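Subject: Structure for you to look at

Hello,

Here is the structure I promised to pass on. Please open it first, then read my notes below.

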Amino acid sequence: MAFSTASQITDMTNVSLGQIAQILFSKGFTSTMNRTYRDYDNILMSMKQQQPTTEREYRFLLMTALGVNAVQYQNQGTTDVAFPQGDLSTTKEVVAVMKKIQTTIELDRNVWERVKLAQFKYVDNPLALEIMNKMDASKRIQARSMYGDGSGSIGKVGSTAVTSGKLVITLDVSDTAVGGGNTNWFHKNEKIAFTTLAGAAHLATSAGGVNLTYFTVDSYSRKAHTVTLTGYTTGGVATAVTAAANVVATDLIYPVSALQASTLIGPDLSGTPDYGSVSPVMAGLESLCAADGRTVFGVQMAGELGGSQFDAGGGLFNVSSIEESMNETEQNVGAGKYKYDQLIMPYNAFSSLIEGKEADRRFNSVEDSARGGRKFIYQYGDAALDCVKSYFCPFNRIYSMPKPASGEMGETGYAIEFRGTDFRDVTAGGQKEFLKLVSGQYVNSVQSFLEAFAVLVAKQPAAVNVIRNFLMV
(Lines give C-alpha, C1' and ligand atoms only; values in the text may rest on other atoms or scores of the structure.)
Protein backbone atom coordinates (compact mmCIF):
# COMPACT_ATOMS: atom_id res chain seq x y z
CA MET A 1 0.00 0.00 0.00
CA ALA A 2 1.39 3.41 -0.96
CA PHE A 3 1.22 6.30 1.47
CA SER A 4 1.17 9.96 0.57
CA THR A 5 3.70 12.27 2.18
CA ALA A 6 2.43 14.73 4.75
CA SER A 7 2.69 17.61 2.31
CA GLN A 8 0.38 15.75 -0.11
CA ILE A 9 -2.39 15.01 2.38
CA THR A 10 -5.43 17.28 1.91
CA ASP A 11 -9.12 17.20 2.75
CA MET A 12 -11.74 16.03 0.28
CA THR A 13 -12.21 19.45 -1.35
CA ASN A 14 -9.73 18.38 -4.06
CA VAL A 15 -12.13 15.63 -5.12
CA SER A 16 -14.92 16.40 -7.58
CA LEU A 17 -18.01 17.64 -5.71
CA GLY A 18 -16.06 17.23 -2.46
CA GLN A 19 -17.15 20.65 -1.22
CA ILE A 20 -20.74 19.45 -0.89
CA ALA A 21 -19.85 18.17 2.60
CA GLN A 22 -20.01 21.03 5.08
CA ILE A 23 -17.49 21.88 7.76
CA LEU A 24 -18.36 21.07 11.38
CA PHE A 25 -17.43 23.70 13.97
CA SER A 26 -17.28 23.02 17.68
CA LYS A 27 -19.45 25.05 20.04
CA GLY A 28 -17.62 27.37 22.39
CA PHE A 29 -13.86 27.67 22.76
CA THR A 30 -10.96 26.44 24.87
CA SER A 31 -9.02 29.06 26.82
CA THR A 32 -5.26 28.45 26.61
CA MET A 33 -4.34 30.83 29.42
CA ASN A 34 -4.86 30.91 33.17
CA ARG A 35 -7.88 33.14 33.73
CA THR A 36 -8.46 32.42 37.42
CA TYR A 37 -8.30 35.01 40.19
CA ARG A 38 -8.78 32.92 43.33
CA ASP A 39 -6.45 35.25 45.28
CA TYR A 40 -8.89 38.12 44.75
CA ASP A 41 -11.81 36.22 46.26
CA ASN A 42 -9.68 34.50 48.92
CA ILE A 43 -8.23 37.71 50.37
CA LEU A 44 -11.58 39.49 50.25
CA MET A 45 -13.07 36.82 52.51
CA SER A 46 -10.80 38.08 55.30
CA MET A 47 -11.85 41.70 54.87
CA LYS A 48 -14.77 43.91 55.69
CA GLN A 49 -16.35 44.94 52.40
CA GLN A 50 -18.42 48.07 51.90
CA GLN A 51 -19.97 49.48 48.75
CA PRO A 52 -19.27 53.22 48.51
CA THR A 53 -21.52 55.47 46.49
CA THR A 54 -19.87 58.83 45.81
CA GLU A 55 -16.98 58.89 48.28
CA ARG A 56 -13.72 60.47 47.08
CA GLU A 57 -11.86 59.27 50.16
CA TYR A 58 -12.33 57.10 53.24
CA ARG A 59 -11.34 58.30 56.70
CA PHE A 60 -10.88 56.24 59.83
CA LEU A 61 -9.38 56.74 63.28
CA LEU A 62 -6.59 54.72 64.85
CA MET A 63 -5.86 54.56 68.59
CA THR A 64 -2.06 54.65 68.76
CA ALA A 65 -1.34 54.82 72.53
CA LEU A 66 -3.34 54.15 75.70
CA GLY A 67 -1.63 56.74 77.93
CA VAL A 68 0.00 54.31 80.37
CA ASN A 69 1.85 57.09 82.22
CA ALA A 70 -1.43 57.96 83.91
CA VAL A 71 -1.20 54.77 86.00
CA GLN A 72 1.07 54.26 89.05
CA TYR A 73 1.44 52.15 92.17
CA GLN A 74 1.05 53.90 95.54
CA ASN A 75 2.57 52.96 98.89
CA GLN A 76 -0.40 52.71 101.23
CA GLY A 77 1.75 53.64 104.18
CA THR A 78 2.38 57.18 102.98
CA THR A 79 0.12 60.21 102.79
CA ASP A 80 -0.39 63.21 100.57
CA VAL A 81 1.12 61.50 97.53
CA ALA A 82 -0.02 63.08 94.29
CA PHE A 83 -1.93 61.14 91.74
CA PRO A 84 -0.01 60.62 88.49
CA GLN A 85 -0.21 63.32 85.86
CA GLY A 86 -2.70 62.79 83.10
CA ASP A 87 -1.53 61.04 79.94
CA LEU A 88 -4.10 61.32 77.20
CA SER A 89 -4.61 58.54 74.70
CA THR A 90 -3.32 59.41 71.25
CA THR A 91 -5.10 58.94 67.94
CA LYS A 92 -4.30 59.19 64.26
CA GLU A 93 -6.83 60.01 61.56
CA VAL A 94 -6.08 58.23 58.30
CA VAL A 95 -7.29 59.44 54.89
CA ALA A 96 -7.40 56.79 52.15
CA VAL A 97 -8.00 58.04 48.61
CA MET A 98 -10.15 55.91 46.31
CA LYS A 99 -8.55 54.53 43.12
CA LYS A 100 -10.45 54.25 39.83
CA ILE A 101 -10.21 51.18 37.59
CA GLN A 102 -11.31 51.46 33.96
CA THR A 103 -11.95 48.83 31.30
CA THR A 104 -12.67 49.18 27.56
CA ILE A 105 -14.55 46.55 25.56
CA GLU A 106 -14.16 46.83 21.79
CA LEU A 107 -15.59 44.76 18.95
CA ASP A 108 -15.84 45.11 15.19
CA ARG A 109 -19.45 45.97 14.48
CA ASN A 110 -19.54 43.83 11.33
CA VAL A 111 -18.56 40.78 13.37
CA TRP A 112 -21.17 41.56 15.99
CA GLU A 113 -23.99 41.90 13.46
CA ARG A 114 -22.95 38.92 11.33
CA VAL A 115 -22.73 36.61 14.32
CA LYS A 116 -26.26 37.55 15.30
CA LEU A 117 -27.50 36.24 11.94
CA ALA A 118 -25.17 33.25 11.60
CA GLN A 119 -26.72 29.79 12.02
CA PHE A 120 -23.48 28.16 13.14
CA LYS A 121 -21.03 30.01 15.40
CA TYR A 122 -18.58 29.38 18.20
CA VAL A 123 -20.36 31.78 20.55
CA ASP A 124 -23.77 33.43 20.35
CA ASN A 125 -22.71 36.86 21.58
CA PRO A 126 -19.10 37.97 20.97
CA LEU A 127 -19.69 41.20 22.88
CA ALA A 128 -20.74 39.26 25.98
CA LEU A 129 -17.63 37.11 25.54
CA GLU A 130 -15.41 40.19 25.47
CA ILE A 131 -17.11 41.57 28.57
CA MET A 132 -16.51 38.29 30.41
CA ASN A 133 -12.85 38.26 29.37
CA LYS A 134 -12.33 41.83 30.53
CA MET A 135 -13.97 41.07 33.86
CA ASP A 136 -11.56 38.16 34.35
CA ALA A 137 -8.65 40.37 33.31
CA SER A 138 -9.65 43.15 35.69
CA LYS A 139 -9.99 40.76 38.64
CA ARG A 140 -6.54 39.32 37.88
CA ILE A 141 -5.05 42.82 37.77
CA GLN A 142 -6.68 43.63 41.10
CA ALA A 143 -5.48 40.32 42.58
CA ARG A 144 -1.94 41.30 41.57
CA SER A 145 -2.40 44.75 43.10
CA MET A 146 -3.56 43.26 46.41
CA TYR A 147 -0.02 41.97 47.00
CA GLY A 148 1.75 45.04 45.54
CA ASP A 149 3.20 48.14 47.17
CA GLY A 150 1.01 50.73 45.45
CA SER A 151 3.71 51.96 43.05
CA GLY A 152 2.32 49.92 40.17
CA SER A 153 5.66 48.12 39.68
CA ILE A 154 5.35 44.43 38.87
CA GLY A 155 9.00 43.49 39.18
CA LYS A 156 12.62 44.52 39.53
CA VAL A 157 15.30 43.68 36.97
CA GLY A 158 17.94 41.30 38.29
CA SER A 159 19.82 40.87 35.01
CA THR A 160 19.25 41.15 31.25
CA ALA A 161 20.09 39.15 28.13
CA VAL A 162 19.22 39.32 24.44
CA THR A 163 18.25 36.02 22.80
CA SER A 164 17.01 35.65 19.20
CA GLY A 165 15.93 39.27 19.04
CA LYS A 166 14.06 39.10 22.34
CA LEU A 167 14.88 40.83 25.61
CA VAL A 168 15.07 38.31 28.47
CA ILE A 169 14.74 39.67 31.98
CA THR A 170 15.71 37.69 35.07
CA LEU A 171 13.68 39.03 37.96
CA ASP A 172 15.17 40.02 41.27
CA VAL A 173 13.24 37.86 43.73
CA SER A 174 15.27 38.75 46.80
CA ASP A 175 13.57 39.78 50.02
CA THR A 176 14.20 43.49 49.46
CA ALA A 177 13.26 43.66 45.75
CA VAL A 178 11.08 46.71 45.14
CA GLY A 179 7.76 45.92 43.52
CA GLY A 180 6.80 42.33 42.86
CA GLY A 181 8.93 39.26 42.65
CA ASN A 182 6.67 36.75 40.95
CA THR A 183 6.64 35.83 37.26
CA ASN A 184 2.90 35.17 37.59
CA TRP A 185 2.43 38.94 37.80
CA PHE A 186 3.12 39.09 34.04
CA HIS A 187 0.32 38.44 31.54
CA LYS A 188 0.62 37.29 27.95
CA ASN A 189 0.85 40.28 25.55
CA GLU A 190 0.78 42.80 28.41
CA LYS A 191 2.58 46.02 27.48
CA ILE A 192 5.40 46.87 29.89
CA ALA A 193 8.20 49.42 30.19
CA PHE A 194 11.22 50.09 32.40
CA THR A 195 12.15 52.98 34.66
CA THR A 196 14.83 53.83 37.17
CA LEU A 197 14.02 53.87 40.87
CA ALA A 198 13.45 57.60 40.45
CA GLY A 199 10.94 56.99 37.64
CA ALA A 200 13.01 57.97 34.56
CA ALA A 201 12.23 55.91 31.44
CA HIS A 202 14.87 53.35 30.36
CA LEU A 203 14.91 52.06 26.78
CA ALA A 204 16.45 49.12 24.93
CA THR A 205 17.73 49.40 21.34
CA SER A 206 17.30 47.58 18.02
CA ALA A 207 19.49 47.35 14.92
CA GLY A 208 20.59 50.81 13.86
CA GLY A 209 20.21 52.15 17.38
CA VAL A 210 16.43 52.66 17.24
CA ASN A 211 14.96 53.03 20.71
CA LEU A 212 12.41 50.45 21.77
CA THR A 213 10.00 52.25 24.04
CA TYR A 214 7.86 49.40 25.29
CA PHE A 215 7.63 45.60 25.25
CA THR A 216 5.04 42.88 25.31
CA VAL A 217 5.24 39.66 27.31
CA ASP A 218 5.92 36.58 25.19
CA SER A 219 6.53 33.97 27.85
CA TYR A 220 8.05 33.40 31.26
CA SER A 221 9.75 30.68 33.28
CA ARG A 222 8.65 30.36 36.89
CA LYS A 223 11.59 28.14 37.81
CA ALA A 224 14.22 30.44 36.28
CA HIS A 225 12.35 33.68 37.20
CA THR A 226 12.75 34.93 33.63
CA VAL A 227 10.41 36.91 31.37
CA THR A 228 10.87 36.98 27.57
CA LEU A 229 9.81 40.20 25.84
CA THR A 230 9.22 41.52 22.32
CA GLY A 231 10.33 45.11 21.71
CA TYR A 232 8.29 47.84 19.99
CA THR A 233 9.20 51.22 18.57
CA THR A 234 7.28 54.40 19.31
CA GLY A 235 5.11 53.70 16.26
CA GLY A 236 4.08 50.30 17.64
CA VAL A 237 6.21 48.21 15.26
CA ALA A 238 7.58 44.94 16.64
CA THR A 239 11.36 45.09 16.22
CA ALA A 240 14.21 42.73 17.07
CA VAL A 241 16.17 43.70 20.17
CA THR A 242 19.94 43.97 19.65
CA ALA A 243 20.99 45.38 23.03
CA ALA A 244 19.47 45.89 26.47
CA ALA A 245 21.09 49.37 26.35
CA ASN A 246 20.16 51.25 29.51
CA VAL A 247 17.74 48.61 30.78
CA VAL A 248 19.89 47.39 33.65
CA ALA A 249 19.75 45.59 36.98
CA THR A 250 17.81 47.55 39.64
CA ASP A 251 15.42 49.00 37.01
CA LEU A 252 11.74 48.64 37.82
CA ILE A 253 9.18 47.04 35.51
CA TYR A 254 5.75 48.61 35.03
CA PRO A 255 2.65 47.96 32.97
CA VAL A 256 2.47 50.79 30.45
CA SER A 257 -0.99 51.62 31.80
CA ALA A 258 0.57 52.53 35.17
CA LEU A 259 2.97 55.10 33.65
CA GLN A 260 2.48 58.57 32.20
CA ALA A 261 1.00 58.01 28.75
CA SER A 262 3.38 59.94 26.50
CA THR A 263 6.66 59.87 28.42
CA LEU A 264 6.43 56.47 30.21
CA ILE A 265 7.75 58.16 33.34
CA GLY A 266 7.02 56.30 36.55
CA PRO A 267 6.67 57.34 40.20
CA ASP A 268 9.77 58.47 42.09
CA LEU A 269 10.52 55.80 44.70
CA SER A 270 14.03 57.02 45.48
CA GLY A 271 12.90 59.26 48.32
CA THR A 272 10.10 58.79 50.82
CA PRO A 273 6.87 58.65 48.79
CA ASP A 274 3.45 58.01 50.24
CA TYR A 275 2.63 54.60 48.80
CA GLY A 276 -1.07 55.28 49.22
CA SER A 277 -0.99 58.05 46.60
CA VAL A 278 2.29 57.65 44.68
CA SER A 279 0.50 56.13 41.67
CA PRO A 280 -3.04 55.42 40.37
CA VAL A 281 -2.61 51.80 41.49
CA MET A 282 -4.17 50.54 44.72
CA ALA A 283 -1.69 49.95 47.55
CA GLY A 284 -1.59 46.29 48.58
CA LEU A 285 -0.30 44.13 51.42
CA GLU A 286 3.39 44.87 50.73
CA SER A 287 2.85 48.46 51.90
CA LEU A 288 -0.22 48.13 54.11
CA CYS A 289 1.60 45.61 56.33
CA ALA A 290 5.09 47.13 56.10
CA ALA A 291 7.27 47.80 59.15
CA ASP A 292 10.18 49.59 57.45
CA GLY A 293 9.12 53.17 58.13
CA ARG A 294 7.56 53.83 54.73
CA THR A 295 4.52 56.11 54.58
CA VAL A 296 1.07 54.87 53.53
CA PHE A 297 -1.92 57.22 53.64
CA GLY A 298 0.10 59.59 55.81
CA VAL A 299 0.95 56.87 58.36
CA GLN A 300 4.54 55.87 59.01
CA MET A 301 4.60 52.09 59.03
CA ALA A 302 6.74 51.44 62.09
CA GLY A 303 6.31 50.64 65.77
CA GLU A 304 2.70 50.27 66.90
CA LEU A 305 1.49 51.35 63.46
CA GLY A 306 3.70 48.89 61.57
CA GLY A 307 3.02 45.33 60.51
CA SER A 308 4.01 42.02 62.11
CA GLN A 309 6.90 41.05 59.87
CA PHE A 310 8.85 37.92 60.78
CA ASP A 311 12.28 37.76 59.14
CA ALA A 312 13.23 34.11 58.58
CA GLY A 313 16.86 35.15 58.16
CA GLY A 314 17.30 33.73 54.68
CA GLY A 315 16.97 30.14 55.89
CA LEU A 316 14.92 27.32 54.42
CA PHE A 317 11.23 27.82 55.06
CA ASN A 318 9.93 25.39 57.67
CA VAL A 319 7.37 25.05 60.44
CA SER A 320 9.50 26.92 62.95
CA SER A 321 8.96 30.09 60.93
CA ILE A 322 5.18 29.62 61.18
CA GLU A 323 5.30 29.09 64.93
CA GLU A 324 7.59 32.04 65.64
CA SER A 325 5.73 34.42 63.35
CA MET A 326 2.36 33.60 64.86
CA ASN A 327 3.84 34.09 68.34
CA GLU A 328 5.01 37.56 67.29
CA THR A 329 1.67 38.51 65.74
CA GLU A 330 -0.37 37.29 68.70
CA GLN A 331 1.75 39.32 71.11
CA ASN A 332 1.45 42.41 68.93
CA VAL A 333 -2.35 42.45 68.76
CA GLY A 334 -3.44 40.40 71.74
CA ALA A 335 -4.53 36.78 71.98
CA GLY A 336 -8.09 36.08 70.90
CA LYS A 337 -8.81 39.39 69.16
CA TYR A 338 -8.56 37.78 65.72
CA LYS A 339 -8.85 34.29 64.36
CA TYR A 340 -6.63 32.79 61.68
CA ASP A 341 -7.44 29.87 59.43
CA GLN A 342 -5.09 30.17 56.42
CA LEU A 343 -1.47 30.57 55.42
CA ILE A 344 -1.37 32.09 51.92
CA MET A 345 1.91 31.20 50.23
CA PRO A 346 3.61 30.80 46.82
CA TYR A 347 3.66 27.32 45.31
CA ASN A 348 7.33 26.67 46.13
CA ALA A 349 6.79 27.43 49.79
CA PHE A 350 4.00 24.85 49.84
CA SER A 351 6.41 22.32 48.34
CA SER A 352 9.00 23.16 51.01
CA LEU A 353 6.57 22.00 53.66
CA ILE A 354 6.20 18.50 52.22
CA GLU A 355 9.37 17.27 53.88
CA GLY A 356 8.50 19.05 57.09
CA LYS A 357 5.11 17.39 57.16
CA GLU A 358 6.67 13.94 57.00
CA ALA A 359 8.27 14.36 60.42
CA ASP A 360 6.23 17.01 62.23
CA ARG A 361 3.05 15.96 64.00
CA ARG A 362 1.86 19.57 64.22
CA PHE A 363 0.55 19.10 60.71
CA ASN A 364 -2.88 17.52 60.85
CA SER A 365 -4.81 16.27 57.85
CA VAL A 366 -7.61 13.81 57.40
CA GLU A 367 -7.36 13.97 53.61
CA ASP A 368 -3.83 12.65 52.97
CA SER A 369 -3.88 8.97 52.20
CA ALA A 370 -0.67 9.02 50.16
CA ARG A 371 2.81 10.52 50.39
CA GLY A 372 3.10 14.15 49.36
CA GLY A 373 0.54 16.74 50.27
CA ARG A 374 -3.07 17.11 49.27
CA LYS A 375 -3.95 19.39 52.16
CA PHE A 376 -1.68 20.81 54.87
CA ILE A 377 -3.00 22.19 58.12
CA TYR A 378 -0.62 23.61 60.72
CA GLN A 379 -1.98 23.62 64.25
CA TYR A 380 -1.13 26.77 66.20
CA GLY A 381 -2.91 26.56 69.54
CA ASP A 382 -6.62 26.51 68.73
CA ALA A 383 -6.02 27.85 65.22
CA ALA A 384 -5.87 25.34 62.37
CA LEU A 385 -3.94 27.11 59.60
CA ASP A 386 -4.76 25.72 56.17
CA CYS A 387 -1.75 26.16 53.86
CA VAL A 388 -3.15 27.64 50.64
CA LYS A 389 -1.15 27.87 47.40
CA SER A 390 -1.37 31.32 45.86
CA TYR A 391 -0.82 32.21 42.21
CA PHE A 392 0.02 35.87 42.82
CA CYS A 393 1.73 35.80 46.23
CA PRO A 394 5.35 37.08 45.91
CA PHE A 395 8.05 34.43 46.16
CA ASN A 396 9.40 35.81 49.43
CA ARG A 397 6.18 36.40 51.34
CA ILE A 398 3.67 34.31 53.28
CA TYR A 399 0.53 35.86 54.72
CA SER A 400 -1.98 34.82 57.34
CA MET A 401 -5.00 37.09 57.09
CA PRO A 402 -6.96 37.90 60.28
CA LYS A 403 -10.67 37.58 60.68
CA PRO A 404 -12.71 39.04 63.55
CA ALA A 405 -13.01 36.72 66.52
CA SER A 406 -16.37 36.14 68.15
CA GLY A 407 -17.62 39.36 69.72
CA GLU A 408 -15.39 41.53 67.51
CA MET A 409 -17.71 41.84 64.50
CA GLY A 410 -18.38 45.56 64.78
CA GLU A 411 -16.93 48.39 62.73
CA THR A 412 -13.52 48.01 64.42
CA GLY A 413 -13.48 44.22 64.21
CA TYR A 414 -11.71 43.95 60.84
CA ALA A 415 -7.99 44.59 60.54
CA ILE A 416 -8.12 44.99 56.73
CA GLU A 417 -10.95 46.54 54.75
CA PHE A 418 -11.77 46.63 51.06
CA ARG A 419 -13.82 49.61 49.99
CA GLY A 420 -14.95 49.38 46.43
CA THR A 421 -17.70 49.13 43.86
CA ASP A 422 -18.55 46.50 41.33
CA PHE A 423 -17.81 47.44 37.73
CA ARG A 424 -20.54 49.63 36.28
CA ASP A 425 -21.32 50.74 32.74
CA VAL A 426 -20.16 54.18 31.69
CA THR A 427 -23.25 55.73 30.11
CA ALA A 428 -24.07 58.94 28.26
CA GLY A 429 -27.71 59.80 27.75
CA GLY A 430 -28.69 56.25 28.61
CA GLN A 431 -26.39 54.81 25.94
CA LYS A 432 -23.62 52.35 26.88
CA GLU A 433 -22.35 51.21 23.43
CA PHE A 434 -20.58 53.75 21.26
CA LEU A 435 -19.02 53.83 17.81
CA LYS A 436 -15.25 54.15 18.01
CA LEU A 437 -13.80 57.56 17.22
CA VAL A 438 -10.49 57.59 15.29
CA SER A 439 -8.83 60.85 14.21
CA GLY A 440 -12.12 62.73 14.52
CA GLN A 441 -14.11 60.21 12.48
CA TYR A 442 -16.32 57.30 13.51
CA VAL A 443 -15.31 53.81 12.38
CA ASN A 444 -17.29 50.61 12.26
CA SER A 445 -16.25 49.33 15.69
CA VAL A 446 -18.32 49.30 18.87
CA GLN A 447 -16.88 50.29 22.23
CA SER A 448 -18.27 49.93 25.72
CA PHE A 449 -16.67 51.17 28.93
CA LEU A 450 -16.72 50.00 32.53
CA GLU A 451 -15.35 51.56 35.69
CA ALA A 452 -15.04 50.77 39.38
CA PHE A 453 -13.57 52.32 42.50
CA ALA A 454 -11.44 50.48 45.04
CA VAL A 455 -9.08 50.97 47.96
CA LEU A 456 -7.55 48.68 50.58
CA VAL A 457 -6.97 50.03 54.07
CA ALA A 458 -5.27 48.49 57.10
CA LYS A 459 -6.83 49.45 60.42
CA GLN A 460 -4.44 47.23 62.37
CA PRO A 461 -1.50 46.24 60.13
CA ALA A 462 0.11 44.18 62.89
CA ALA A 463 -2.82 41.75 62.78
CA VAL A 464 -1.66 40.44 59.38
CA ASN A 465 0.96 37.76 59.96
CA VAL A 466 3.80 38.14 57.43
CA ILE A 467 6.74 35.75 56.95
CA ARG A 468 9.56 37.05 54.76
CA ASN A 469 13.17 36.44 53.70
CA PHE A 470 13.23 32.66 53.38
CA LEU A 471 14.53 30.06 50.95
CA MET A 472 12.40 27.45 49.21
CA VAL A 473 13.05 24.10 47.56
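This is a predicted model: local features need pLDDT of at least 70, side-chain atom pairs count only at pLDDT 80 or more; totals for chains, interfaces and linings use all residues.

Start with strand S29, residues 465-468. Asn-465 and Ile-467 point one way from this strand. Val-466 and Arg-468 point the other way. All four of these residues are buried. As background, side chains in a regular strand alternate between the two faces of the sheet.

Strand S29 has pairing partners. Strand S18 (residues 308-311) pairs with S29 in the parallel sense, over four bridges. There, Ser-308 has Asn-465 as its bridge partner. Strand S23 (residues 397-400) pairs with S29 in the antiparallel sense, also over four bridges.

Next, the charged pairs. The count comes to 16 salt bridges.

- Glu-93 and Arg-59 form a salt bridge, with their closest N and O atoms 3.5 Å apart. Glu-93 lies in strand S3 and Arg-59 in strand S2, so the pair ties together parts that are 34 residues apart in sequence. Glu-93 is partly exposed at 46% relative accessible area. Arg-59 is partly exposed too, at 46%.
- Glu-106 and Lys-436 form a salt bridge, with their closest N and O atoms 2.9 Å apart. Glu-106 sits in strand S4 (residues 99-108) and Lys-436 in strand S27 (residues 433-438), so this pair joins parts 330 residues apart in sequence. Glu-106 is partly exposed at 33%, and Lys-436 is partly exposed at 23%.
- Lys-166 and Asp-218 form a salt bridge, with their closest N and O atoms 2.9 Å apart. The pair links distant parts of the chain: Lys-166 is in strand S6 and Asp-218 in strand S11 (residues 214-221), 52 residues apart. Lys-166 counts as partly exposed at 27%, and Asp-218 counts as partly exposed at 21%.

Now the loops. Thr-183 is in the loop between strands S6 (166-171) and S7 (191-195). Is Thr-183 buried or exposed? Thr-183 is buried, because its relative accessible area is 0%. Beyond its sequence neighbours within four places, its contacts include Leu-171, Tyr-220, His-225 and Phe-395.

Leu-66 is in the loop between strands S2 (57-65) and S3 (90-97). Leu-66 counts as exposed, at 68% relative accessibility. With Met-63 and Val-68, Leu-66 makes a nonpolar surface patch of about 360 Å².

Best wishes

Key:
Residues are numbered from 1 along each chain as its sequence is written. Side-chain values use heavy atoms; hydrogens and water are left out. Patches are made of residues with over 30% relative accessible area and no salt bridge: like charges are joined within 9 Å, nonpolar side chains (Val, Leu, Ile, Met, Phe, Trp, Tyr) within 5 Å. Accessible areas come from the Shrake-Rupley method with a 1.4 Å probe; for residues, only the protein chains shown count as cover. A salt bridge is a side-chain nitrogen of Lys or Arg within 4 Å of a carboxyl oxygen of Asp or Glu. Helices (H or I, at least four residues) and strands (E, at least two) are DSSP runs, numbered from the N terminus. Buried means under 20% relative accessible area, exposed over 50%, partly exposed in between (1.4 Å probe, protein chains only). Contact means heavy atoms within 4.5 Å. Two strands pair if DSSP finds at least two bridges between them.
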